[in-house]
Amino acid sequence: MRAITERDLRSCFVNCSKGDATRLNLPKDFAQSSWDDLDFLGWRDPKAPDRAYLVAETSDRLAGIALRFASAPGKARGFNSTSLCSFCQTVHTGGGVALMSARRSGEAGKRGNTVGQYLCADLACSLYVRGRKQTLLGDGHDDGVPLEEKVARIRANLDAFVASVVA
């Protein structure tokens, strides 16, 4: 992902008001983001535990999406149960994956229509795929897929999600 500024970030949201985008809390390490390792910028709002944000590059622009946790984050299922992220296909135990919903943009969003996905609860998909971050399972669930294919899979799943929010 290319480096973006705070102004770029706040102006790219497609499913919330300009006021909401102006008031959202940036990730604490925004200035130090490792852009080369990211397929998208995703973070949880530290002051509102039921909110998260995702910013992705589409073919023609940046698209920011405000997300809500469909169930309270941290309500872990048990250590023995596992879940799979829809973007990166990383397997997590407990509460490592959460159902997040995004209000659709435009008239559909005004009518209350939403789109949901099971995503890494910390939105660190890019880091899991590149081995920069590990789940509690460690590398034990590596699927043997080459990095280029994993990155392409994240991009395809991300693009489909963004398209479903913007549509």
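Start by selecting Arg68 and Asp50: their side chains meet in a salt bridge, with N and O 3.0 Å apart. You're looking at a predicted model, by the way. This pair links distant parts of the chain, since Arg68 sits in strand β3 and Asp50 in the loop between β1 and β2, 18 residues apart. Both ends are partly exposed: Arg68 has 38% relative accessibility, and Asp50 has 32%.

Now show the whole of β2 (residues 51-57) and β3 (residues 62-69). These two strands pair in the antiparallel sense over seven bridges.

Next, select β1, residues 40-44. Five bridges join β1 to β2, and the two run antiparallel. Together they make a hairpin with six residues between them. Is β1 enclosed or open to the outside? Four of its five residues are buried, so the strand is largely enclosed by the rest of the structure.

Time to zoom out. Which strands make up the open sheet, and in what order? There are five, running β1-β2-β3-β6-β7, with antiparallel pairing. At the edges you'll find β1 and β7 (114-120), each pairing on one side only. Going from one strand to the next, the twist averages 30°.

Now for the inside. Select Phe40, Ile65, Leu67 and Phe87: of the 30 residues in the largest nonpolar core, these touch the most other members. Elements giving two or more residues to this core include β6 (97-103), α4 (125-129) and α5 (147-166). The top contributor is α5, with six residues. Apart from this core lies another, of 17 residues, among them Ile4, Leu9, Cys16 and Leu41.

Stay with Ile65 for a moment and show what surrounds it. Leaving aside neighbours within four places in sequence, its contacts include Phe13, Tyr53, Ala102 and Phe161.

Last, back to charged pairs, as the whole structure has nine salt bridges. Select Arg2 and Glu57, whose side chains meet at 3.2 Å, N to O. Arg2 lies in the segment before α1 (6-11) and Glu57 in β2, so the pair ties together parts 55 residues apart in sequence.

Finish at Glu6 and Arg10, another salt bridge, with the closest N and O atoms 2.9 Å apart. Both lie in helix α1, four residues apart, or about one turn of the helix. Glu6 is partly exposed at 39% relative accessibility, and Arg10 is partly exposed at 21%.

Notes
Residues numbered from 1 in each chain as written. Predicted model: local features only at pLDDT ≥ 70, side-chain atom pairs only at ≥ 80, totals over all residues. Heavy atoms only, no water. Buried < 20%, exposed > 50% of the residue type's maximum accessible area, 1.4 Å probe, protein only. Pairing = 2+ DSSP bridges. Axes fitted to C-alpha atoms, helices over the stretch in contact; angles between N-to-C directions. Core = buried A, V, L, I, M, F, W, Y, C linked by side-chain atoms within 4.5 Å. Contact = heavy atoms within 4.5 Å. Salt bridge = Lys/Arg side-chain N within 4 Å of Asp/Glu carboxyl O.
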